[in-house]
Amino acid sequence: MLDRRHFLHGAGAVAATAAAGLPRSGWAAERPKLSDELPAGTREAAVLDALPGKQPLIKLSYRPPNYETPLNYFSSVITPNDAFFVRYHLADIPEVDIRTWKLKVGGAGASTPLELALAELRRFEQVEVTAVCQCSGNRRGLFNPHVAGVQWGVGAMGNARWKGVRLKDVLAKAGVRKETVEVVLDGADGPVIDKTPDFVKSIPIWKALDDTVLIALEMNGQPLPSWNGFPARLVVPGWTGTYWMKHLTSIELAQKPYDGFWMKSAYRIPKGKFALVDRFLSQETEVNTPITEMVVNSLITGPAPGQRIAARQPVAVTGIAWDGGYGIQSVEVSADNGATWQPATLGDDPGRFSFRAFSARLNFAKPGAQTILAKATNRLGASQPRELIQNPAGYHHNLVARVAVTVA
Amino acid sequence: MKAIILVVGAWFLLAPAASADEQPVTLKNAPGRDAVEGNCGSCHSLDYIQTNSPFPSAALWDAEVKKMMNVFGAPIAPADAKTITDYLVKNYGS
């Protein structure tokens, strides 16, 4: 199914490029604009670099590739495919041949296991959802004190129109036994050495049977980009990206909790620290629980950090807000470090799982260094904190959005 | 699509020093660098070390190296492990 002969071929291609002295775009020289809250080492090492088929993105690691979307792309509610962030845990990323690609659907909880070719998968009813895919560790690099991991700024996220088939329709075809507790997902990418745990994730059966969870084949009207999970990936609207398995090859109905490293040890948050609704009970321990839904959050896209603003003129503030799928109720902005807040105007509503645009006009009383704040509230009344909720792996960073500007 | 995949394929075939993609990742020249490049670089690019610096304490770098060995199965010889940890603490630690 997976053709690994391309490795040799690829090595030759790259060696030839290197020999000819052709730098990849973004080679060393191009520096992205980065927050000074990031670790000094991140600010020194991160470069703008274009993966094949992608725009120059902020490269945090080459192998496995971890590239975040620069801030300017978030001025649009839909993130373009070629600017969508790239995140891999493990570096063996094989070519998927769609002529031979098959999705296995089975496991102890399946009464009628099956295999689906791409053409067969396409025969299920096609549906579309606009949803934010955000890495659990988005903004990890902004944690103070810093925690180890990919030092993401604000761009390990994107919003797209995902089109595909409902996971529950495919599971129904495999026959879901009533003892099923979780659905285990695996993709074609894997570790470099056999002893490294393969990236395998599970979701609770109740979530897997939710209408909104899709096996997506398209993103913004195009086949999924290779870097974002071609030919099929899971889409779990409202939940963080860790569950959105790329290059799907296997779906297993499991009658007991999956105990692999990426569930048992990774992607966990301390219990009781975050006000979340969706719980993953079969994986909970005394002290921690798997991360599930995204927390309410916002991002200011304009003015840009450090921008100079003319005094005595209203400043246009723009941005986006999102949450775990309850929907954005309101966004407020402040020109006086939160002493007073004024409501922003919300843009069109593309659906409860989507980025929601906001805009406002602010007046600054004084010239000099100023800070613009933005704070979103969702339909459950949850909002963004002023103080960071610390947790060991640096997840769920949703501090009140802040941008420093100079009024002159 | 083909071109995309060809380049990806190369990343894990070639040793870091020989990969066009990783040429810019040059760690600080200090004792132990060879052990870091030879061991760490076989599974991931070395920019992971640069970006995760200089904040880690000695205890954090020690824990990271142990995690790579015990959780991710990195076949690092005990002597190399100490060399690697010392290098990271000294050159990329707080």
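Helix axes here are lines fitted to C-alpha atoms over the stretch in contact, and angles run from 0 to 180 degrees between N-to-C directions. Keep that in mind for the first two views of this predicted model.

**View 1. Helices α4 and α5 of chain B pack against each other.** Here we look at α4 (residues 58-70) and α5 (residues 78-92) of chain B, which pack at an angle of about 140°. Their axes sit 9 Å apart. As for handedness, α4(B) and α5(B) make a right-handed crossing.

**View 2. The residues where α4(B) meets α5(B).** From α4(B), the contact is made by A58(B), W61(B), D62(B), V65(B) and M69(B). On the α5(B) side, look for A81(B), I84(B), T85(B), L88(B) and V89(B). Sort the residues of this contact by type and you get 8 nonpolar, 1 polar and 1 charged.

**View 3. Chain A comes in domains 1, 2 and 3.** Going along chain A, domain 1 covers 24-87, domain 2 covers 95-290 and domain 3 covers 297-407. Between domain 2 of chain A and domain 3 of chain A, the C-alpha centres are 30 Å apart. Their contact takes 23 residues from domain 2 of chain A and 19 residues from domain 3 of chain A.

**View 4. The side of domain 2 of chain A that touches domain 3 of chain A.** Two strands to pick out are β9 (126-134) and β17 (268-270) of chain A, each supplying at least two residues of this side. The largest share, 4 residues, comes from β9(A). By type, the residues on this side of domain 2 of chain A split into 12 nonpolar, 8 polar and 3 charged.

Conventions
Residues are numbered from 1 along each chain as its sequence is written. Chains are lettered from A and ligands numbered from 1 in the order in which they are written. This is a predicted model: local features need pLDDT of at least 70, side-chain atom pairs count only at pLDDT 80 or more; totals for chains, interfaces and linings use all residues. Domain bounds come from an automatic or database domain assignment. Two residues are in contact if their C-beta atoms, placed from the backbone, lie within 7 Å. Ala, Val, Leu, Ile, Met, Phe, Trp, Tyr, Cys and Pro count as nonpolar, Asp, Glu, Lys and Arg as charged, and the others, Gly among them, as polar. A crossing is left-handed if the near helix is turned anticlockwise from the far one by less than a right angle, and right-handed if clockwise.
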